[in-house]
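Here is a short note to read alongside the model.

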Amino acid sequence: MLENMNMNGDERIFLSLGANLGDRQGNLLQALQYLGARATVRRLSSFYETDPVGCEGAPPFLNAVCEVATDLKPRELLEFLLRIEKRMGRLRPFRNAPRPIDIDLLFYGKRCIDEPDLVVPHPRIAERGFVLIPLAEIAPEFPHPLLGRSAAELAEAVGTSGVKKVERSLRLRLSGDPQQCAPEVSVGLSRVGVTNLERVIRLGGSERSDPALFHAWLDLFADLGPEQAGVHMSRFSDALEELVEELTTSAFPDVESLAERLALAVARTQKARFSQVSIRARYPLTRITPISGKRVEDMATFLSIAASDGERTRHLVGVEMDGLTVCPCAQEMVRSYERRLLLDEGFSEEQAEKILDLLPIASHNQRGRGTLLMGGGEGIRAEHLVSIVEVSMSSEVYELLKRPDEFFLVNKAHRNPRFVEDVVREMLQNLLLVYADFPGNTFVLARQENLESIHRHNAFAEYQGTLAEIRGEIEEGRPRVKHTSLDAWLREGWS
């Protein structure tokens, strides 16, 4: 929708912004925020410091140029810019007076307008280096509709004298880097970093289809040696921001590829012996309801964890799905109670058992959340793990169901009661069936958490280990005292 905001064809609209009173950088950024109410900023130049023109002794200006998309017509846009200037406190006591903000309409496509108080292109643009240099930075090829020369050519002609590029940041001059100092307590930390970074990422796509957009949450960590007080928190964001253009304009083949790239970037920028990145991305699944056959869209959560030492990487891919579980313990108590009622009514033992086997037995239900992660095997895809998680619970669930579907799922669940521990063990058994050809060092994390309906707590179970360890216990009956942990598998073979 934002990309279509410019309702005037392919016309490219450019504005210049300047400030030489107050917090100049803050004023430019605030003006851009106001612009966002009626326009989309497509490109923004660096900030440039310049001497004031026509007002000797005034403070230097901070200038920038932006390209915007808007549905406002030229005069409407000019009036909007004037309202922003007024809102931000611009006064006009005399020509070229110092001001907290100055916003000029430079170009409105290739239109040439000469009306009272509205002249486009801006009449003095060809002599203003503080406009042409930032304009040439973001649109060097853009032609002046009257002069027939590009922004780059005009900028070269006017020169860079008096125009100095500045850093767009609030950088403090510190006598030293506290994060590189030795800590008071000399202890290394396993994971230090940032959590819950939110981004929209693009995954998949081909010549026949566009990539899909995902809302994702990212956690980025590095280990911290005992000799360093802290990590550079900003570098986690830097590592991510260096990939922002790729994240927003290019598609990664899958979530694990992105996780690996980020883990490698974090290890290198932090100079860490070990980094770890976790990504959670919400993914729409098209499904068919079991009885009515309706197509519905449900949401799954795709997971990926990657680790790196700056040269090598290891990764896992997985899925998190909701389902339904039925408590076997409560169901057995109800069955015993109903059996006693039938016997008291005169039914024989054989008749009572036959009735109880025929009818579903009541119990309390839980919304269960199953998680399955695998690493080290080729060809593992998150969407392939969805079925394994769901079939391991009492029943799958759907966002929308017809009544026959509801009855089917409720009946299915009560015919298939499972404890939280049962669900995890079923996942492991099903993995051995589906991935019988996978190597023994393939890592598995299987987890189930049930949101109890008659208790205030949740029930939880988890397994961490390799396929070789699972096969040894299930197929060969060799119980293990200790299983391979996720952290050990990620760091295996690394110092």
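1. Start at leucine 385. Leaving aside residues up to four places away in sequence, Leucine 385 touches Val317, Gly318, Val319, Leu372, Met374, Ile380 and Tyr435. Bear in mind that this is a predicted model.

2. Leu385 also belongs to the largest nonpolar core, which has 31 residues. Val319, Leu372, Met374, Leu385 and Val444 have the most contacts inside that core. The most comes from α12, which gives seven residues.

3. Now the overall picture. The protein chain has 14 helices and 17 strands. Of its 495 residues, 45% count as buried. Take the contacts between residues at least 6 apart in sequence: 69% of them join residues at least 24 apart.

4. Next, the helix pairs. Two packed helices are described by the angle between their axes and the distance between the axes. Helix α8 (residues 328-344) packs against helix α9 (residues 349-358) at an angle of about 135°. Their axes are 9 Å apart. Angles over 145 degrees would count as roughly antiparallel and 65 to 115 as roughly perpendicular, so α8 is oblique to α9. The crossing of α8 past α9 is right-handed.

5. Which residues make the contact between α8 and α9? From α8 come Arg335, Glu338, Arg339, Leu342 and Leu343. They meet Glu349, Ala352, Glu353, Ile355, Leu356 and Asp357 in α9. By class, the residues of this contact divide into five nonpolar, no polar and six charged.

6. The second pair is α3 (129-138) and helix α4 (residues 151-158). Their axes come within 8 Å and cross at roughly 140°. That makes α3 oblique to α4. The crossing of α3 and α4 is left-handed. On the α3 side, the contact is made by Gly129, Leu132, Ile133, Leu135 and Ala136. On the α4 side, Ala151, Ala152, Leu154, Ala155 and Val158 take part. The residues of the contact of α3 with α4 divide into nine nonpolar, one polar and no charged.

7. Some backbone details deserve a look. Most residues other than glycine have a negative phi, and most peptide bonds are trans. The peptide bond from valine 120 to proline 121 is cis, with omega near 0°. Proline 121 sits in the loop between β7 (118-120) and α3.

8. Aspartate 117 has a positive phi of about 70°, although it is not a glycine. Where is aspartate 117 found? It is in the loop between β6 (113-115) and β7. Is aspartate 117 buried or exposed? Its relative accessible area is 73%. Exposed means over 50%, so aspartate 117 is exposed.

9. Asparagine 196 is another non-glycine residue with a positive phi, near 65°. Asparagine 196 is found in strand β9 (residues 189-203). Its relative accessibility is 47%, so asparagine 196 counts as partly exposed.

10. Phenylalanine 274 lies in the loop between α7 (255-270) and β11 (275-288). Its relative accessibility is 2%, so phenylalanine 274 counts as buried. Phenylalanine 274 and alanine 307 are 33 residues apart along the chain. Their C-alpha atoms are separated by 6.9 Å.

11. Last, arginine 261. This residue is in helix α7. At 37% relative accessibility, arginine 261 counts as partly exposed. Arginine 261 and valine 277 are 16 residues apart in sequence. C-alpha to C-alpha, they are 9.4 Å apart in space.

Note on methods
Residues are numbered from 1 along each chain as its sequence is written. This is a predicted model: local features need pLDDT of at least 70, side-chain atom pairs count only at pLDDT 80 or more; totals for chains, interfaces and linings use all residues. Side-chain values use heavy atoms; hydrogens and water are left out. Axes are lines fitted to C-alpha atoms, for helices over the stretch in contact, and angles run from 0 to 180 degrees between N-to-C directions. Helices (H or I, at least four residues) and strands (E, at least two) are DSSP runs, numbered from the N terminus. Angles under 35 degrees count as roughly parallel, over 145 as roughly antiparallel, 65 to 115 as roughly perpendicular and the rest as oblique. A crossing is left-handed if the near helix is turned anticlockwise from the far one by less than a right angle, and right-handed if clockwise. Contact means heavy atoms within 4.5 Å. Ala, Val, Leu, Ile, Met, Phe, Trp, Tyr, Cys and Pro count as nonpolar, Asp, Glu, Lys and Arg as charged, and the others, Gly among them, as polar. A nonpolar core is a set of buried Ala, Val, Leu, Ile, Met, Phe, Trp, Tyr and Cys residues joined through side-chain atoms within 4.5 Å. Buried means under 20% relative accessible area, exposed over 50%, partly exposed in between (1.4 Å probe, protein chains only).
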